[in-house]
Amino acid sequence: MGIVVMEAIGNVPGWGEKWPAPAKLNLMLRITGRRADGYHLLQTVFQMLDLCDWLTFHPAADGRVSLAMPIPGVAEAEDLTVRAANLLKSHTGCEAGVIIEVEKNLPMGGGLGGGSSDAATTLVVLNHLWGLNLSKQELMALGLQLGADVPVFVFGHSAWAEGVGEDLRAIEIPESWVVIIKPDCHVNTGEIFRSDGLTRNSESITMSDFLAGEDRNDCTQEVCRVYRPVKDAIDALSVYSNARLTGTGACVFAQFSEKELALSACQSLKDDWSVFLARGLNTSPLYGKLEKV
Ligand SMILES: C[C@@](CO)(OP(=O)(O)O)[C@H](O)COP(=O)(O)OP(=O)(O)OC[C@H]1O[C@@H](n2ccc(N)nc2=O)[C@H](O)[C@@H]1O
Ligand SMILES: Nc1ncnc2c1ncn2[C@@H]1O[C@H](COP(=O)(O)OP(=O)(O)O)[C@@H](O)[C@H]1O
């Protein structure tokens, strides 16, 4: 890519600005079967949250993808933002480079999808900054190569999901307040999906069934059996509202229609637990920002 084109890319609005990578919750999760490759077929409801990591992108003239500061415990080449940027480059032949700054607020491996969301924000924002013009569908397909939860963050809306999470239908969910507890443990998703005790034959349900209260997460029993802090967190939060596991955990959450009730639960829990107060959203703040630049 020549100097002129590099300069043109550098002038695109959005470089050096903070872009949100929101968290998600799985409001329910049913395992309805297993594919030949071992991956599990799910029915799940994703809701976006206003709790975010923040990503900033700086142009790099040398054509390389790098991190301003690697996240402790994650090798730079393995970071999902770096993998997403390199995937975009190899898919499109784009020769531009980027330095990515990640402000990490979302707990890692907590079932809030932070790494997947970071990857999705990287795909969507670099598609814009590098002028690649890939469609949302193309970006979702690229995202699926990075992880089962990446497509929903590119999709950018609360969704009813099937398959391994890639077959998505936009839905509107009441934008309630959410209290989240992050128990002091790290759940290994692969280990939970490999375990003998996991329920794998749930009947499929409809959206109406979910709205009528069918909100079970099929991973809960197995995760609580292996990770005692998750069970304790569900018990602690259940005092205030219906407490459930998100994804394969470790985070557990409860929804509240009134902010005051959610705040009061947070106040009571915060001395014993790591707690977050968040707002459930139907649309991702990522697209709100994209529309503004
Ligand atoms: C089940 C969910 C619900 O949101 O859990 P959370 O990760 O959010 O807790 C996700 O779809 C998880 O997606 P993600 O965290 O990207 O999982 P991956 O890295 O793709 O998979 C980790 C491992 O879990 C197993 N796996 C994952 C997803 C799936 N539908 N079936 C599986 O069997 C596979 O063995 C895989 O190697
Ligand atoms: N940018 C990133 N942010 C968080 N985790 C990352 C990132 N890049 C790679 N990872 C890896 O992905 C794993 C899953 O992270 P995350 O998406 O936050 O959890 P979960 O899938 O449970 O919601 C982490 O434990 C970490 O090893």
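**Annotated residues, ligand shell and a helix pair**

An unreviewed UniProt entry lists K24 and D149 under "active site"; such positions are given in the numbering used here, with feature names shortened, and annotations may be inferred rather than shown by experiment. Although these residues span 126 residues in sequence, no two of their C-alpha atoms are more than 9.4 Å apart, so they gather at one spot. K24 is placed in strand β1 (residues 18-34). Helices (H or I, at least four residues) and strands (E, at least two) are DSSP runs, numbered from the N terminus.

The structure is a predicted model, in which local features need pLDDT of at least 70 and side-chain atom pairs count only at pLDDT 80 or more, while totals for chains, interfaces and linings use all residues. Residues are numbered from 1 along each chain as its sequence is written, and chains are lettered from A and ligands numbered from 1 in the order in which they are written.

Ligand 1 is surrounded by 19 residues (C-beta atom, placed from the backbone, within 6 Å), the closest being H40, G111, G147, F193 and G247. Two or more shell residues come from each of β2 (40-60) and α6 (189-194). Because domain 1 (3-171) and domain 2 (177-281) both contribute to this shell, ligand 1 lies between them; the domain bounds come from an automatic or database domain assignment.

Helices α3 (residues 114-129) and α4 (residues 136-146) pack at about 145°, their axes 10 Å apart (lines fitted to C-alpha atoms over the stretch in contact; angles from 0 to 180 degrees between N-to-C directions). A119, A120, L123, V124 and N127 of α3 meet L139, L142, G143 and L146 of α4 (C-beta atoms, placed from the backbone, within 7 Å).

Key: Two residues are in contact if their C-beta atoms, placed from the backbone, lie within 7 Å.
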